[in-house]
Amino acid sequence: MLNKPLTPAGERILTVASDLFYARGIRAVGVDLIAEEAGTTKKTLYDRFGSKDGLVQRYLTRRYGLWCDHVTRYVESLESGDARILGVYDALDLWMRDNHRGCGFVNAFAEFGGTGSPVLAIIESEKEWTRSLFAHLATEAGYPDAEQLGTRLSVLHEGAVVMGTAGARDDAIVVARGIAFDLLAALAVVRTGAPGGA
C-alpha cells in the first residue's frame, strides 16, 4: 500500500492530508475535512489508503523521502570532507524555512509514542537515516569512531530542531553547526596534530 502508485485523486488527498497533518496535528484532522479539502469523498480516501492510519503512514513515508532527497542533493553539491558534514546543518536550515512547526516525525511521535502504531517504525527509520548519514560522512572524511561521531552530530542536529521551534531560538541551527565545527576541528587536531575544520 505504501509504495502503490496513486491516482490523481489519491495524490490530491495525500497532498491535502500532508499539509493538514503537519499544520494542525494528525489526530486533530479528520477524514471528512481531508476529503472536503481534496474535493473528493471519504470512500475515495478509503479506497486509496485503506484507512486514516494508512494515509498517515503514506504521509510520513513521503515526508521521509522528501527529507532524504533534500539533504542528499545539498550535501552532494559540496566538496567531500568536513564541508559535507557541516552541510547537513545548512540543509536543515533551508528545510526549516518552510517547516515552521519543527520536525514532522517528532510531532508524530508526540501523538503516537507508546501506542505500538506502525508509524513509529517510519519515525525511527528517519532518525536512524540521519544518524547514519552523519556516520557515513564522518567515515568519508577519515574520522575514526565514525559511528560514535555520527551519533553525536545527529544529537546536535535533533536538538537544534527542537530548540529552534519549541525553544524559540532562531539561532539554534547556527549554534549547532558551530559546535559541530569545533568538535570536528578538535578531532582533526587529535588525529593529525594540525588544526582542521571547514
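Let me begin with a term: contact means heavy atoms within 4.5 Å. With neighbours within four places in sequence left aside, Ile34 is in contact with Ile13, Val16, Ala17, Leu20, Phe21, Val29, Leu45 and Leu55.

A word on the basis of these values. This is a predicted model, in which local features need pLDDT of at least 70 and side-chain atom pairs count only at pLDDT 80 or more, while totals for chains, interfaces and linings use all residues. Residues are numbered from 1 along each chain as its sequence is written, and side-chain values use heavy atoms, with hydrogens and water left out.

I turn to the core. In soluble globular proteins, nonpolar side chains tend to be buried together. A nonpolar core here is a set of buried Ala, Val, Leu, Ile, Met, Phe, Trp, Tyr and Cys residues joined through side-chain atoms within 4.5 Å; buried means under 20% relative accessible area, exposed over 50%, and partly exposed in between, with a 1.4 Å probe and protein chains only. Which members of the largest nonpolar core touch the most other members? Of its 58 residues, they are Phe21, Ile34, Leu55, Leu60 and Ile85. Helix α4, residues 52-76, supplies the largest share of this core, nine residues. Helices are DSSP runs of H or I with at least four residues, strands are runs of E with at least two, and both are numbered from the N terminus.

Phe21 lies in helix α1, residues 8-24. Its relative accessible area is 2%, so Phe21 is buried. Beyond its neighbours within four places in sequence, Phe21 is in contact with Ile26, Val29, Ile34, Lys52, Leu55, Val56, Tyr59 and Arg101. Phe21 and Val56 are 35 residues apart along the chain, and their C-alpha atoms are separated by 8.2 Å.

Next, a helix pair. Helix α5 (residues 82-96) and helix α8 (residues 146-165) pack at an angle of about 20 degrees, with their axes 11 Å apart. The axes are lines fitted to C-alpha atoms, for helices over the stretch in contact, and angles run from 0 to 180 degrees between N-to-C directions. The two helices α5 and α8 are therefore roughly parallel to each other; that term covers angles under 35 degrees, with over 145 roughly antiparallel, 65 to 115 roughly perpendicular and the rest oblique. On the α5 side the contact is made by Ile85, Val88, Tyr89, Leu92 and Met96, and on the α8 side by Leu153, Leu156, His157, Val161 and Thr165.

Met163 is also in helix α8. At 42% relative accessibility, Met163 counts as partly exposed. With neighbours within four places in sequence left aside, Met163 is in contact with Ala168, Arg169 and Ala172. Ala168 is found in the loop between α8 and α9 (172-192). Ala168 has a phi near 55 degrees, a positive value in a residue other than glycine, and at 58% relative accessibility Ala168 counts as exposed.

Asp145, in the loop between α7 (119-140) and α8, has a positive phi of about 50 degrees although it is not a glycine.
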